[in-house]
Amino acid sequence: MTTTDILEGRKAHIHEKGAVPFNIACEKQSVAGSVSQRACVFCGSRVVLYPIADALHVIHGPIGCAAYTWDIRGAWSSGPQLHRMSFSTDLQEKDVIYGGEKKLYQALVELIEHYRPKAAFIYSTCIVGLIGDDVEAICRRISAETGVETIPVHSEGFKGSKKDGYSAACNALNQLVGTGDTNGISPLSINILGDFNIAGETWVIKDYYERMGVEVVATITGDGRVDDIRRCHGAALNVVQCSGSMTQLATMMKEKYGIPIIRASYFGIEDMSKALYDVAEYLNDKTVMRNTQNLVRDEVSKLVPQLRKYKKDLKGKRAAVYTGGAFKALSMIRSLRTLGMKTVIAGSQTGNQQDYARLQELSDEGTIILDDTNPLELAKFLEEKKADLLIGGVKERPIAYKLGLGFCDHNHERKIGLAGFEGMLNFAKEVHGTVTSPVWKLAALHRKDVWSATSRQHRQGDES
Amino acid sequence: MALLRHTTDDVVERQALTVNPAKTCQPIGAMYAALGINRCLPHSHGSQGCCSYHRSTLSRHYKEPAMAATSSFTEGSSVFGGQANLLQALNTIFSVYDPDVVAVHTTCLSETIGDDIPQIADAAVAKGFVPEGKCVIHCNTPSYVGSHTTGFANMTKAMVDYFSTSTSEDKIADQINIIPGWVEPADMGEIKRLVKMMSLKGITFPDTSGVLDAPLTAEYNMYPKGGATIEQLEATGDSAGTIALGPICSGPAAEALQNKCQVPQNTLPLPIGLRATDMFIQTLRKYNGGNVPAEITAERGRLVDLVSDMSQYFYGKTVALWGDPDQLVSLTQFLVDLDMRPKYIITGTPGKAFLRRIGEVLGDGVKDVIVKQGAQADMLYIHQLIKRERVDLLIGNTYGKYISRDEDIPLIRHGFPILDRIGHQYFPTAGYRGAMRLCEKILDAFLDRQDRDAPEESFELTM
């Protein structure tokens with residue numbers, strides 16, 4: 001790793017397993033001037049609340065914040081599609097000088113009358129925080145006048161990182177929790193927290209729980225509904241997947257309603273099975289446990305033979321994982337192992353000490369662990385570690401391709417579900433497709449002298 | 001389709017609201033323009049989110065890495081100002097990423113705080129953070145003014161403000177500046193090709209060809225080969241003339257260059273379509289002694305030939321268009337020349353001049369056209385219009401796909417952003433050859449539709 005030029009301030013964010021005792025810096029602001037892959041508070045709250053499909057999501061700010069978050073999440077809804085519209089107060093210079101409160105009020109009156117949403121989330125952006133619009137007061141007034149609960153989301157971009165946006169989202173959600181009727185909820189019930197129904201994944205998970213005989217009260221927020229969230233405090237258990245975004249809400253509910261929390265991951269055979277067994281064990285019901293055993297056995301026995309053909313080609317290939325949260329990276333490493341692959345780089349944008357400690361425990365010697373990396377650093381490590389695959393998000397994709405290696409999106413732009421047992425099969429297919437793609441052989445010809453390399457290949461072809 | 005069932009055909013006058021915008025904000029335009037300088041790292045002076053969104057959107061559109069750094073504002077920076085962040089950022093950038101130019105643009109946050117970028121950049125020089133021979137340029141791009149197109153214009157003008165130098169009163173007769181406007185890298189390449197064919201030495205800026213359509217080499221280059229170099233940008237002051245393509249995106253830079261270095265400017269429409277390309281070639285003739293090579297005349301002739309072959313399919317077809325003002329003016333002209341009828345023309349970018357320019361292009365012959373600009377000229381509005389009276393074709397960016405699906409009207413993707421198709425970064429729509437490609441796309445849409453909808457007995461082999 002010495003051949004990589006690393007910025008002094010970044011050194012502490014990079015760890016090579018085995019080289020030195022584990023100690024990684026994380027949960028810090030990116031160094032100013034770095035080409036960080038991170039986003040802002042607004043982004044964090046927006047992506048978390050976004051999938052609530054029957055709520056109005058209004059962005060109070062200049063047009064960009066609304067335009068860039070318009071229908072980018074692929075969070076599917078089984079019913080209303082209101083969340084996919086882009087509503088903005090489109091602040092102009094004079095609004096910045098005189099304040100945007102009137103405009104926001106007017107916009108909300110028009111929107112609520114037209115769409116009659118179940119609730120409305122009003123996101124404050126950087127500029128709103130700066131000019132000091134009293135968004136909270138306007139929300140109170142609108143709630144009183146329209147009867148539609150209008151919730152401010154304090155998501156001024158500069159107030160921290162994406163993670164602080166998760167917290168703003170949890171605070172907003174907490175206003176809904178506890179306001180609905182919990183009659184008729186089964187004692188064998190859970191909430192699914194921190195799954196966003198990318199490519200229908202929440203449906204897959206919900207189906208498993210229902211097959212186990214467990215009632216799912218609310219899915220927060222994938223395919224989310226306001227009324228479900230209002231009554232989710234009636235559930236017996238909170239099952240949290242994306243811990244970064246949803247632990248705070250679960251903790252609030254634990255303190256207020258005594259609902260225990262289980263952490264889960266739905267990616268890969270091991271983690272998926274464990275999640276279901278953990279829930280069954282907690283609910284401590286014989287039928288549920290039996291159903292769970294049957295479900296896992298059926299699904300795994302169906303899945304494993306289907307994985308074989310992919311595994312054959314993927315054995316020994318090397319992967320790099322760079323995800324938003326670090327918990328997901330753990331599942332990725334296990335899933336890649338299931339496919340016979342080795343993870344050589346593992347990193348995240350927002351992991352904490354505990355996450356990274358577990359990540360390095362799970363990793364092989366020599367694995368590079370990265371916090372809040374930048375493209376230059378990432379590209380260098382990908383080359384040094386001779387990765388065949390990068391798992392990441394939209395900004396990482398073209399970097400992998402330019403280097404001539406495979407890529408798998410494990411963020412918003414996924415078009416196929418990767419969660420659950422069927423998701424594992426999709427994952428295997430996708431990884432297989434990209435890692436073994438013939439295009440990388442063509443790309444490799446580029447590495448040196450493309451023309452002499454081509455003619456050499458042709459000669460070899462002639463001889464055989 | 002459930003997604004758009006909310007859209008009704010009654011057009012409700014809105015005062016305070018933009019729904020599904022037909023524009024975005026200034027900084028992304030500044031970032032795109034800055035990527036058209038060789039070895040330049042754009043820098044976003046504000047919160048991390050802005051930079052992240054702009055890079056993601058550019059990456060999605062161009063399918064390329066879009067590099068940019070950020071000042072990573074915190075709550076402290078928004079209270080005490082972003083000077084410390086920018087100083088640290090410049091130090092970091094030059095020591096780690098080693099660009100030749102850092103192009104700083106502001107965001108609504110840093111703009112409202114009132115950070116003085118040139119003063120901070122000077123302080124960075126004084127502290128030794130900016131190595132010898134490297135430069136920091138800047139422009140102001142608050143998100144609550146203009147749109148992405150004005151951001152592009154501001155950064156392009158900054159290139160003139162910072163670099164253009166006049167070394168002598170005598171201008172170089174065969175050297176001209178081309179400001180291509182916000183078009184695809186392929187269009188910039190096509191424009192450069194035409195200038196070269198006209199035997200002129202062109203300096204094109206910004207120039208994203210080679211940067212955002214870089215080849216795959218199995219190596220990662222933070223700074224691909226393309227882009228206008230500092231030397232080229234400096235030399236613009238000695239050119240015989242400037243051709244600014246598109247008054248909104250390119251006009252301000254051309255004007256600045258005229259004032260600063262007395263380089264006479266010609267502001268033209270973007271050379272999209274036949275007549276706009278004619279105007280471009282005619283203007284180039286002023287600088288090359290009046291010669292048009294036979295090959296260019298032949299290209300024009302091929303375009304006219306193609307149009308004549310298929311003119312029956314263009315005749316009278318109605319179109320709804322949305323996007324950037326400079327693009328819309330040239331597209332509208334071309335559609336009128338193809339005997340088609342633009343019906344709704346929408347841009348979120350504010351500016352009354354657009355209405356006048358579109359009016360000139362439409363002339364007296366084309367009636368019943370609704371043209372709207374500004375905050376409430378958005379995708380909801382255009383959809384409401386279409387619901388009232390439909391059109392045969394949609395031309396605009398990817399966001400039109402919902403309307404296309406909901407109303408079953410073919411969509412030709414053109415403009416920015418295109419998030420769900422490829423090719424736009426490689427295949428130009430500028431120039432005569434680009435116009436041929438536009439024709440192909442339009443015809444494909446109509447003829448595919450006709451083949452799909454034709455009853456068995458009238459389904460035919462030839463068309």
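**Before you start**

The model is predicted, so local features need pLDDT of at least 70, side-chain atom pairs count only at pLDDT 80 or more, and totals for chains, interfaces and linings use all residues. Residues are numbered from 1 along each chain as its sequence is written, chains are lettered from A and ligands numbered from 1 in the order in which they are written, and side-chain values use heavy atoms, leaving out hydrogens and water.

The model as a whole scores ipTM 0.94 and pTM 0.95.

**Stop 1: where the chains meet**

Show both chains and select the residues in contact, meaning heavy atoms within 4.5 Å. The area buried between them (accessible area, 1.4 Å probe, lost on being put together and summed over both) is about 6300 Å², with carbon and sulfur atoms giving 64%. In chain A, pick out A:Tyr68, A:Trp70 and A:Lys402: they lose the most area to chain B, together 14% of what that side buries.

Now look for salt bridges, where a side-chain nitrogen of Lys or Arg lies within 4 Å of a carboxyl oxygen of Asp or Glu. Two of them cross the interface of chain A and chain B. For one, select A:Asp90 and B:Lys23, whose closest N and O atoms are 2.9 Å apart.

**Stop 2**

Over all chains, the whole structure holds 44 salt bridges. Select B:Asp378 and B:Arg14, which meet in one of 2.7 Å, N to O. Helices here are DSSP runs of H or I with at least four residues, strands are runs of E with at least two, and both are numbered from the N terminus.

Are these two residues buried or exposed? Both B:Asp378 and B:Arg14 are buried, that is, under 20% relative accessible area (1.4 Å probe, protein chains only), while exposed means over 50% and partly exposed lies in between.

For another pair, go to B:Asp98 and B:Arg39, which form a salt bridge of 3.6 Å, N to O. B:Asp98 counts as partly exposed at 37% relative accessibility, and B:Arg39 is partly exposed at 27%.

**Stop 3: two glutamines**

In chain A, select A:Gln360 in helix α14 (residues 353–362). A:Gln360 is buried, because its relative accessible area is 16%. Its side chain joins that of A:His15 through a polar contact of 3.4 Å; such a contact is a pair of N or O atoms within 3.5 Å, where, within protein, one must be able to donate a hydrogen and the other to accept it, and residues adjacent in sequence count only if both atoms are side-chain atoms. Leaving aside neighbours within four places in sequence, A:Gln360 also touches residues including A:Lys17, A:Phe22 and A:Ile369.

Finish in chain B with B:Gln258, in helix α10 (residues 247–261). B:Gln258 is partly exposed, with a relative accessible area of 31%. Its side chain reaches the backbone nitrogen of B:Gln265 at 2.8 Å. Not counting residues up to four places away in sequence, B:Gln258 touches B:Val263, B:Pro264 and B:Gln265.

Key:
Buried area is the accessible area (1.4 Å probe) that two parts lose on being put together, summed over both.
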